[in-house]
Amino acid sequence: MSNQPNVTGPDGVSRPYIGGQALIEGVMMRSPRAFTAVVRRKNGELVVRERAMADTRKGVKAWPLVRGIVTLVEALKLGSSALRFSADIFEQDLEEAEAAEKAKGPGILTALTLPILALLVAEPDEPLGSPRASKGDVKKRLFTALSIGFALLLFVALPQAFAAGTSRVFDLGYDVRSPGFQLLTGAGKLVIIVGYMLLIRRLPEIYRVFQYHGAEHKSIYAYESGRPLTVENARPMTTLHPRCGTTFLVMVALVSILVFTGIGPLLPQLGLGKLGDNVAFFVLKLPFLPLIAAVTFEIQRVFARYCTRGPLRALLWPGFLVQKITTIEPDDAQLEIALAALAVAVEAESALGDQANDEDRTFDSYATLQRALTAAM
């Protein structure tokens, strides 16, 4: 994620923090001042998108709590944009192969999932592409808004409906503001999150995204350990990482239980009836979501720094367990893409991001890209 300090590896060397995100047949990497997205086409070519970016670890954006809200916004913007970039290449390959195959591209569930995937597999930052808005950009923004609405319905409204239904079926008599109602809501939220991940994992293109998610984590571990960025060094690394977006989403669910259990009794009793009170409470919860994201970001930041070793590592286990759904062991070809994206990001960061290419580049193979990077050093 952005707003992260430098990483000091086992060799004692401090390195710029680099985060990543899995794409459709590709990986995006972000350093403080640059990012790159590398996607492999069906013919084996590698498409590289590289841009200079503003360092968001400065000024007000770097303040505690503020940086958490910035992170969530940037996750939705950059993550969905990067995934659309890779989806466009994926669909282009299908069209070139055979026009009839186009229907086999990412379906509506996959498309609606893009912003949610950006949270599950991302290390978020700024949006891709030009700031100028074309008609296509407007359509994409409208679809992103629809996807965000889908996420709110799935992860906020549905868990609350689950709690209300459970209270009614078992005659528990929970008021919408009560701690018991919030515990039921939280339990429903966790079940829905895990169930949703298991569902989309069954989609072939999402399964491969989760493999690239594993490749991204392995390559990041190789980088942070100070080892050369090779497939041989990345292959034995774990796919589980404490700063993963999947862990962030799980922690958001847990923090929301505590927050709404605390503020629920303080909210006024509106007397609108069961349905009316539930709708009103849902609306009243929305302004608290940025605060929950901000608090969760700070907690995850502390856990990632101080709880990776020893008995405190147990605090990371809930996130790691769910990451076992969203990270899958990659093959060597997928590791190559993650390592390529990371290597380009490292090279761009060393140039302070001012030499990033504005045009996408294409390489006929991973070996060709490696040679180009070596020649640029």
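D171 is exposed, with a relative accessible area of 68% (exposed denotes over 50% relative accessible area, buried under 20%, and partly exposed the range in between, with a 1.4 Å probe and protein chains only). This residue is found in the loop between α3 and α4, and its phi is near 50 degrees, a positive value in a residue other than glycine. Most residues other than glycine have a negative phi. E25 likewise is not a glycine and has a positive phi, of about 60 degrees. E25 is placed in the loop between β3 (19–23) and β4 (26–30) and counts as buried because its relative accessibility is 17%.

The structure is a predicted model, in which local features need pLDDT of at least 70 and side-chain atom pairs count only at pLDDT 80 or more, whereas totals for chains, interfaces and linings use all residues. Residues are numbered from 1 along each chain as its sequence is written, and side-chain values use heavy atoms, with hydrogens and water left out. The mean pLDDT of the protein is 82, and 82% of its residues reach 70 or more (pLDDT is the predictor's confidence in each residue, from 0 to 100). Where pLDDT is low, the predicted coordinates should not be read in detail.

The protein has 12 helices and 7 strands, assigned as DSSP runs numbered from the N terminus (helices, H or I, at least four residues; strands, E, at least two). Of its 377 residues, 53% are buried. Among contacts between residues at least 6 apart in sequence, 74% join residues at least 24 apart. The accessible surface comes to about 17,100 Å², of which 64% belongs to carbon and sulfur atoms (areas come from the Shrake-Rupley method with a 1.4 Å probe, and for residues only the protein chains shown count as cover).

The largest nonpolar core has 64 residues, and those with the most contacts inside it are M29, F210 and L369 (a nonpolar core is a set of buried Ala, Val, Leu, Ile, Met, Phe, Trp, Tyr and Cys residues joined through side-chain atoms within 4.5 Å). Helix α11 (residues 332–350) supplies the largest share of this core, 10 residues. Beyond its neighbours within four places in sequence, F210 is in contact with residues including L117, V121, M197, I200 and I325. A second, separate core of 7 residues includes A163, A164, F181 and F281. A163 is also one of the residues in contact with T185, together with P159, Q160 and K285, when neighbours within four places in sequence are left aside. T185 is placed in helix α4 and counts as buried, at 4% relative accessibility. In helix α10 (residues 317–326), the buried residues are G319, F320, V322, Q323, I325 and T326; these pack against α4, α5 (204–224) and α7 (245–263).

The structure holds 12 salt bridges (a side-chain nitrogen of Lys or Arg within 4 Å of a carboxyl oxygen of Asp or Glu). In one of them, the side chains of R33 and E349 meet at 2.5 Å, N to O. R33 lies in the loop between β4 and β5 (34–40) and E349 in helix α11, so this pair ties together parts that are 316 residues apart in sequence. R33 is partly exposed at 27% relative accessibility, while E349 is buried at 5%. E224 forms a salt bridge with R243, with the closest N and O atoms 2.4 Å apart; E224 belongs to helix α5 and R243 to the loop between α6 and α7, 19 residues apart. E224 is buried, with a relative accessible area of 11%, and R243 is buried at 12%. The side chains of D332 and R235 meet in a further salt bridge (3.0 Å, N to O), which links helix α11 to the loop between α6 and α7 across 97 residues. A network of salt bridges links R49, R51 and D360.

Y174 lies in the loop between α3 (135–169) and α4 (179–201) and is partly exposed, at 32% relative accessibility.

Technical notes
Contact means heavy atoms within 4.5 Å.
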